[in-house]
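I opened this one to see how the chain is put together and what sits around its ligands. My notes follow, in the order I looked things up.

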Amino acid sequence: MGVTARTMLRTLFPDGLTKPPSPTRGAHTVQYPHVKEEPVTRARGVIGLHHDNCTVCMLCARECPDWCIYIEGHKELAPPRRPGGKPRQRNKIDRFDIDYALCMYCGICVEVCPFDALFWSPEFEYSEPRIADLLHDADRLADWMDTVPEFEGYEAGSTQKKRAVPQ
Ligand code: SF4
Ligand code: SF4
């Protein structure tokens, strides 16, 4: 208790008890929203959805520990790959929502997506007065794609192929 009190006083009055308090000097926090912190490039802020890559496989929804991804889709016929071939069946998205009121930002959905349809954006300013508005639909998730930064290169000597963010 004594240590806590001494640390608190030293933090609030870095120039001594006779001088005015200066609680922000040396602080590791910023005075948001007056000061906006710059998140690191790969920060888990919000998830962007690239529609064209999503095959409605449902893997992300099944693996999400919070069950906060809601997907609905339907099958439709696509032209055959080769002339004279059989028409193919393709899944189309009807609904793709993520409820950020439930999401715990674990990143499992982004990691398990086999088709590179989900990406992290560092954007974090999407708080809402109504909790229901934290449900982002497919269009809103697609809009976040504009804020997804390019992947950084790997260390020199790495043979890993650099991933690209689809446009
Ligand atoms: S980050 Fe985790 S909790 Fe959030 S939607 Fe993805 S899997 Fe679910
Ligand atoms: S986002 Fe990825 S894992 Fe989720 S349904 Fe679409 S393709 Fe499957």
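**Overall shape.** I started with the radius of gyration: the protein chain has 23 Å, whereas a compact globule of 167 residues would be near 15 Å. That radius is taken over C-alpha atoms, and the globule rule is 2.2 Å times the number of residues to the power 0.38. Along the principal axes, the C-alpha atoms fill a box of roughly 90 × 45 × 30 Å.

**Ground rules.** This is a predicted model, in which local features need pLDDT of at least 70 and side-chain atom pairs count only at pLDDT 80 or more, while totals for chains, interfaces and linings use all residues. Residues are numbered from 1 along each chain as its sequence is written, and chains are lettered from A and ligands numbered from 1 in the order in which they are written.

I get 14% of the 167 residues as buried (20 or more other C-beta atoms within 10 Å of its own; exposed is 12 or fewer, partly exposed in between, with C-beta atoms placed from the backbone). Of the contacts with a separation of 6 or more, 66% are between residues 24 or more positions apart; a contact means C-beta atoms, placed from the backbone, within 7 Å.

**Fold.** I count four helices and five strands, in the pattern α-β-α-β-β-α-β-β-α along the sequence. These are DSSP runs numbered from the N terminus (helices H or I, at least four residues; strands E, at least two).

Which order do the three strands of the open sheet take? The order is 2-3-5, with antiparallel pairing (strands pair if DSSP finds at least two bridges between them). Strand 2 and strand 5 (135-136) are the edges, each pairing on one side only. Strand 2 and strand 3 are joined by 10 bridges, and I69 stands opposite I98 in strand 3.

**Strands 1 and 4.** These two run antiparallel, joined by four bridges, and G48 stands opposite F119. I checked both faces of strand 1: V46 and G48 on one side, I47 and L49 on the other, all buried. In strand 4, L118 and W120 point one way, F119 and S121 the other, and again all are buried.

**Core.** The largest nonpolar core has 20 residues (a set of buried Ala, Val, Leu, Ile, Met, Phe, Trp, Tyr and Cys residues joined through C-beta atoms within 7 Å). Among those with the most contacts inside it are I47, L49, C60 and I69. Strand 1 (46-49), strand 2 (69-78), strand 3 (88-99) and strand 4 (118-121) each give two or more residues to this core.

**F96.** Buried or exposed? F96 counts as buried because 24 other C-beta atoms lie within 10 Å. It is in strand 3, and its contacts, not counting residues up to four places away in sequence, are L49, C54, I71, A138 and L141.

**A132.** A132 has 8 other C-beta atoms within 10 Å, so it is exposed.

**Ligands.** Ligand 1 is surrounded by 13 residues, the closest being C64, C103, C106, I108 and C109 (near means a C-beta atom, placed from the backbone, within 6 Å). That shell divides into 11 nonpolar, one polar and one charged. Ligand 2 has around it, among others, C54, C57, C60 and C113; its shell is 11 nonpolar, one polar and no charged. Nonpolar here is Ala, Val, Leu, Ile, Met, Phe, Trp, Tyr, Cys and Pro; charged is Asp, Glu, Lys and Arg; the others, Gly among them, are polar.

V56 is buried, as 20 other C-beta atoms lie within 10 Å. M58 has a positive phi too, near 75°, but M58 counts as partly exposed with 13 C-beta neighbours inside 10 Å. Both V56 and M58 are in the loop between strand 1 and helix 2 (59-63). The peptide bond from Y32 to P33 is cis, with omega near 10°; P33 is in the loop between helix 1 (2-12) and strand 1. I flagged these since most residues other than glycine have a negative phi, and most peptide bonds are trans.

Conventions: Contact = placed C-beta atoms within 7 Å.
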